[in-house]
Amino acid sequence: MSGFAYVVHGGHVESPDLHDALQRDGELRWFHLTTNDDHARRWLTEAAQLPPFIVDALTAAETRPRCDPVGDGAVINLRGLSSAMLTASDPLASIRLYASEGNVFSVTRKPMNAVDSVRSQVEKGRILDPGDLIAAIGDAITAELDPMGAELGDGLDDCEESLDIANAFELRRSVNDVRIRAIGYRRFLSPQRSALEKLSTLPQPWLRDDDRLHLAAAADRAARMAEELESIRERAALTHETLTDLRAEQIDQRSLIIAVVAMVFLPLTFLTGLLGMNVAGIPFAHRPWAFDGVVLVCVVMAIGITAYFVRRHWFRR
């Protein structure tokens with residue numbers, strides 16, 4: 001089990017180990033664990049003496065963004081970007097928090113980028129209480145996620161600008177990648193907006209008015225990102241359908257050309273097959289101009305059939 005702790009008292013910031021921080025007093029004590037084993041559950045239960053419900057919430061294997069009031073505190077689950085390699089269906093790392101008057105316990109199973117940003121703010125003395133810390137984590141997560149929507153939108157714009165049948169295969173792969181990523185991000189941003197909104201309205205004394213404003217702003221930004229990702233998902237679906245239509249049109253055009261060529265050569269094949277039978281009675285079989293005559297008839301038939309298809313506009317795209 002690894003982690004860190006901060007104790008903030010009167011603007012002074014200390015960073016003792018986890019066990020020592022439990023024995024100190026301060027306006028803010030932040031205990032953070034980075035683990036996915038049973039050591040975290042044991043420490044939270046035995047050393048921190050948290051109730052079983054809270055321990056279960058902090059150590060759950062699968063989580064979605066949520067906010068639940070628990071007595072004078074609250075259990076909060078949020079999702080943010082991670083430096084670790086994650087799957088396309090689950091692209092965001094989770095942070096589980098329990099906040100109460102003077103204390104914040106947090107647990108991550110994968111490294112989260114926002115944690116490092118918030119640690120820097122704590123060390124600089126900009127975060128003084130649990131409300132400041134929770135608001136800072138929400139702000140850091142949404143601020144880092146905001147450019148992702150613009151990046152996905154720009155990638156889709158590039159695909160739409162280069163929409164052409166010549167590179168349809170590469171474009172379909174790029175569009176599918178954008179669509180999958182947008183769905184993965186939106187899956188967590190919509191409930192994250194609800195969690196931040198609910199947290200901003202909880203009647204907890206450790207949440208001040210400025211904390212509530214920051215949380216509401218973060219929720220609004222999450223809502224805007226969710227709407228943008230939904231728009232990107234719909235645009236990607238339309239672009240994919242357009243590429244599929246272009247591909248089908250190309251196949252139809254090629255099938256038409258093959259059909260026309262087959263129709264041109266079908267009567268010629270019938271004629272040459274008829275004259276090529278090894279039976280007596282084939283007209284002009286022993287005349288010196290017979291071969292030239294058959295070739296001429298075949299050429300005239302081919303020209304006539306082709307002219308018919310041209311007049312019927314079968315070659316028009």
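Strand 6 and strand 7 form a hairpin with two residues between them, and G102 in the turn has a positive phi of about 85 degrees. Helices (H or I, at least four residues) and strands (E, at least two) are DSSP runs, numbered from the N terminus. The model is predicted: local features need pLDDT of at least 70, side-chain atom pairs count only at pLDDT 80 or more, and totals for chains, interfaces and linings use all residues. Residues are numbered from 1 along each chain as its sequence is written, and side-chain values use heavy atoms, with hydrogens and water left out.

- Eight of the eight residues of strand 6 are buried, that is, under 20% relative accessible area, while exposed means over 50% and partly exposed in between (1.4 Å probe, protein chains only).
- Both faces of strand 6 are covered, with A93, I95, L97 and A99 on one side and S94, R96, Y98 and S100 on the other.
- In a regular strand the side chains alternate between the two faces of the sheet.

**Nonpolar cores**

- The largest nonpolar core has 56 residues, and W30, I76, V118, L133, I134 and L199 have the most contacts inside it.
- A nonpolar core is a set of buried Ala, Val, Leu, Ile, Met, Phe, Trp, Tyr and Cys residues joined through side-chain atoms within 4.5 Å.
- Contacts of W30 (heavy atoms within 4.5 Å), leaving aside neighbours within four places in sequence, include F4, Y6, V104, R119 and L133.
- Another core, of 20 residues, lies apart from it and has L18, A21, F31 and L44 among its members.

**Helix 3**

- I54, V55, A57, L58 and T59 are the buried residues of helix 3.

**Salt bridges**

- The count comes to ten salt bridges, each defined as a side-chain nitrogen of Lys or Arg within 4 Å of a carboxyl oxygen of Asp or Glu.
- D129 and R208 meet in a salt bridge at 1.8 Å, N to O.
- D129 lies in the loop between helix 4 and helix 5 and R208 in the loop between helix 6 and helix 7, so the pair ties together parts that are 79 residues apart in sequence.
- D129 is buried at 12% relative accessible area, whereas R208 is partly exposed at 37%.
- R208 also meets D210 in a salt bridge (3.4 Å, N to O).
- Through shared partners, salt bridges join D129, D132, R208 and D210 into one network.
- In the salt bridge between D20 and R24, the closest N and O atoms are 2.6 Å apart.

**Loop backbone**

- Q49, in the loop between helix 2 (38-47) and helix 3 (52-59), has a positive phi of about 60 degrees although it is not a glycine.
- Most residues other than glycine have a negative phi.
- Q49 is exposed, with a relative accessible area of 63%.

Technical notes:
Pairing = 2+ DSSP bridges.
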